[in-house]
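Trainee: I am new to this model. Please take one part, look at it closely, and then link it to the rest of the chain.

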Amino acid sequence: MAQREAVLRLDEQWARVRSGAVAAEPGERDRLLGELITALRALPGDPECTARLGLRLADQAAVRFAAGDRASALATIEEALRSSERAAPYSPEYARWYARGLINQGVWLAWPLSDADRLPRHPLGPGAEEGPSAMERAAGERARDATRAAVALWESLDQHDPVNRRGLAQAKVFLGDRLAELGFAADAVAWAVDAESDFRKLLLSHPGSEESLEAEDALDHIGRQLELRLRFLDFDSLVGLRAEGLLPERLLPRAVAAARICGVPAAEIAARLRLSADQVATMLEVTSWLAVWRIDVRGADGLWDIAGYPWRDSAEVRNRSASEIGGELLKGFMNSADCPREGGYWRVHVWWQQEGDPAGAVFRRIIGPESAAPTPS
């Protein structure tokens, strides 16, 4: 009993240091955390100490990850999760700790799949021309599975408790992120919309509280993510989301623009998204999209060289498809002095919003001796 009480006092001391309530130098923090982990390991039969061991190993993993040692962090979080899983059945609080550990593991496993802004580096999944390595994709799939397990764990807890409802909503956001990184854009949107609905309910049920501020921040993040993810959906996916009630009204103008970019006729957009012709016309009139294009010319060495301005540029456009933009570029370049003469190869890509993977271009075409007539593909 005395040993247990001493260990828990040490844990309270670490909690104060961790929160910043008590100042400590980095070396002292590391020493204290290491001492605490050793002490907690000495009480494997105690559920609370087992749960706290999972927490403190997760703290150690976070320190290692922040220091750039991802491999060590992942090994440490694996050990943390084994302790957390053993303790989870004993208390809802311990189960919450386990769920949060699974979320962290997912974030760290998937780290190479996102860029510096934490946006998917390869949003097209297996269809990308510049995709992740086999090891990166395998880690991303493990991250997705760990995050799915966290969602299931939060769902198993009492949903009358706002802490559990918030945890579930947050877990859904993370699952959407993990799916987007693997290129499952439609599924990522569906989970984000589900999470958005949960956070709106939390916001309405606790107005003015700290929880409502957290919900507002989460809603801002989800809103930005949803607008970005619509760029990677085809029209059939948009229609499917609309049919399932997973395409919020505020995103309809962007969805209509996305369909127009893909060349879908206005009448079909209206019919399949269950909108009136006037609604579609208005949305197309007021919703702009950024067309980003680049023309490359293949040199004698077989390498592609990027043509200069105006063949690499961008413009805000309304009510125009990517094929229309691409067709104008094809015609303009063919009539310019920059166009290679007979026997030369050149190619054009048009992206929505920013340059990226060639497979993500909303229009692409290669022109050369063996190609068909220079019409949109």
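Mentor: Start with α10 and α11, which are roughly antiparallel to each other (over 145 degrees; under 35 is roughly parallel, 65 to 115 roughly perpendicular, the rest oblique). Helix α10 covers residues 235-243 and helix α11 covers residues 252-261. Helices here are DSSP runs of H or I with at least four residues, strands are runs of E with at least two, and both are numbered from the N terminus. The angle between α10 and α11 is about 150°, and their axes lie 9 Å apart. Axes are lines fitted to C-alpha atoms, for helices over the stretch in contact, with angles from 0 to 180 degrees between N-to-C directions. The crossing of α10 and α11 is left-handed (the near helix is turned anticlockwise from the far one by less than a right angle; clockwise is right-handed).

Now the residues. From α10 come F235, L238 and R242. They meet L252, A255, A258 and A259 of α11. Contact means heavy atoms within 4.5 Å. Six residues of this contact are nonpolar, none is polar and one is charged. Nonpolar covers Ala, Val, Leu, Ile, Met, Phe, Trp, Tyr, Cys and Pro; charged covers Asp, Glu, Lys and Arg; the others, Gly among them, are polar.

This is a predicted model, where local features need pLDDT of at least 70, side-chain atom pairs need 80 or more, and totals for chains, interfaces and linings use all residues. Residues are numbered from 1 along each chain as its sequence is written, and side-chain values use heavy atoms, without hydrogens and water. The mean pLDDT (the predictor's confidence in each residue, from 0 to 100) is 93 for the chain, and 98% of its residues reach 70 or more. Residues 372-377 fall below 50, and this stretch has 13 contacts in the model beyond near neighbours in sequence. Where pLDDT is low, the predicted coordinates should not be read in detail.

Helix α5 covers residues 92-109, and it packs with α3 at about 20°, with axes 10 Å apart. That makes α3 roughly parallel to α5. Their crossing is left-handed. Among the α3 residues that meet α5 are P47, L55 and F65. The α5 side brings Y94, W97 and W108. This contact has ten nonpolar, no polar and two charged residues.

D59 sits in α3, which spans residues 47-66. D59 counts as buried because its relative accessibility is 9% (buried is under 20%, exposed over 50%, partly exposed in between, with a 1.4 Å probe and protein chains only). Not counting residues up to four places away in sequence, D59 touches W14, R18 and L33. A66 is also in α3. At 69% relative accessible area, A66 is exposed.

Next, helix α8, residues 185-205, holds A192. A192 is buried, at 4%. Leaving aside neighbours within four places in sequence, A192 contacts I222, L226 and R229. A192 and L226 are 34 residues apart in sequence, with 7.1 Å between their C-alpha atoms.

Finally, step back. The chain has 14 helices and five strands. Of its 377 residues, 46% count as buried. Its C-alpha trace spans about 85 × 55 × 30 Å along the principal axes.
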